[in-house]
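Please keep the sequence and the structure in view while reading.

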Amino acid sequence: QVQLVESGGGLVQAGDSLRLSCAASGRTLSSYGMGWFRQAPGKEREFVARISWSLDSTYYGDFVKGRFTISRDNAKNTVYLQMNNLKPEDTAVYFCAAGAGAAVRGYPYWGQGTQVTVSS
């Protein structure tokens, strides 16, 4: 089993930055990539970014456009999502997940989510 706990969400103004953290625990974490997804009210869960544990390769959703950066600290079993130049449309619950790919179905393990609200 893999347990994931997100933190770092909050209420910010447009143009501000936030850094989300995801603390992971459990066995064989090196077997999984880590991803961030988000879900706004009334919308489907959307892929944001992912990173591999072993190769440090990253991949982003099209809407990110250089504003977000995913990174990880293997020693701390923690994944981060640095979000810059936030926009009101970034308002959503952000979820950390362990798995592979860019689809929700590729991630068997999920955190509880952290709310990000961006005011205009």
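The points below treat strand pairing and then salt bridges. The model is predicted. Within it, strand β8 covers residues 78-83 and pairs with strand β3 as well as with strand β7. The count of salt bridges comes to three, and salt bridges that share partners join Arg38, Glu46, Arg67 and Asp90 into one network.

**Strand β8 and its partners**

- Strand β8 is mostly covered, since five of its six residues are buried.
- Strand β3, made up of residues 18-26, pairs with β8 in the antiparallel sense, and six bridges link the two.
- Within this pairing, Leu18 has Met83 of β8 as its bridge partner.
- Strand β7, made up of residues 68-73, also runs antiparallel to β8, and six bridges join these two strands.
- Opposite Thr78 in β8 stands Asp73.

**The hairpin of β7 and β8**

- Strands β7 and β8 form a hairpin, with four residues lying between them.
- Asn77 is in the turn of this hairpin and has a positive phi of about 50°.

**Salt bridges of Arg38**

- Arg38 meets Glu46 in a salt bridge between their side chains, with an N to O distance of 2.8 Å.
- Arg38 has a relative accessible area of 7%, so this residue counts as buried, because buried means under 20%.
- Glu46 has a relative accessibility of 32% and therefore counts as partly exposed, because this class lies between the 20% limit for buried and the 50% limit for exposed.
- Arg38 also forms a salt bridge with Asp90, and the closest N and O atoms of this pair are 2.8 Å apart.
- Arg38 lies in strand β4 (residues 33-39) and Asp90 in the loop between β8 and β9, so this pair ties together parts that are 52 residues apart in sequence.
- Asp90 and Arg38 are both buried.

**The salt bridge of Arg67 and Asp90**

- Asp90 forms a salt bridge with Arg67 as well, where the closest N and O atoms are 2.7 Å apart.
- Arg67 lies in the loop between β6 and β7, whereas Asp90 lies in the loop between β8 and β9, so the pair ties together parts that are 23 residues apart in sequence.
- Arg67 is buried, as is Asp90.
- Through shared partners, the salt bridges link Arg38, Glu46, Arg67 and Asp90 in one network.

Terms used: Residues numbered from 1 in each chain as written. Predicted model: local features only at pLDDT ≥ 70, side-chain atom pairs only at ≥ 80, totals over all residues. Heavy atoms only, no water. Buried < 20%, exposed > 50% of the residue type's maximum accessible area, 1.4 Å probe, protein only. Pairing = 2+ DSSP bridges. Salt bridge = Lys/Arg side-chain N within 4 Å of Asp/Glu carboxyl O.
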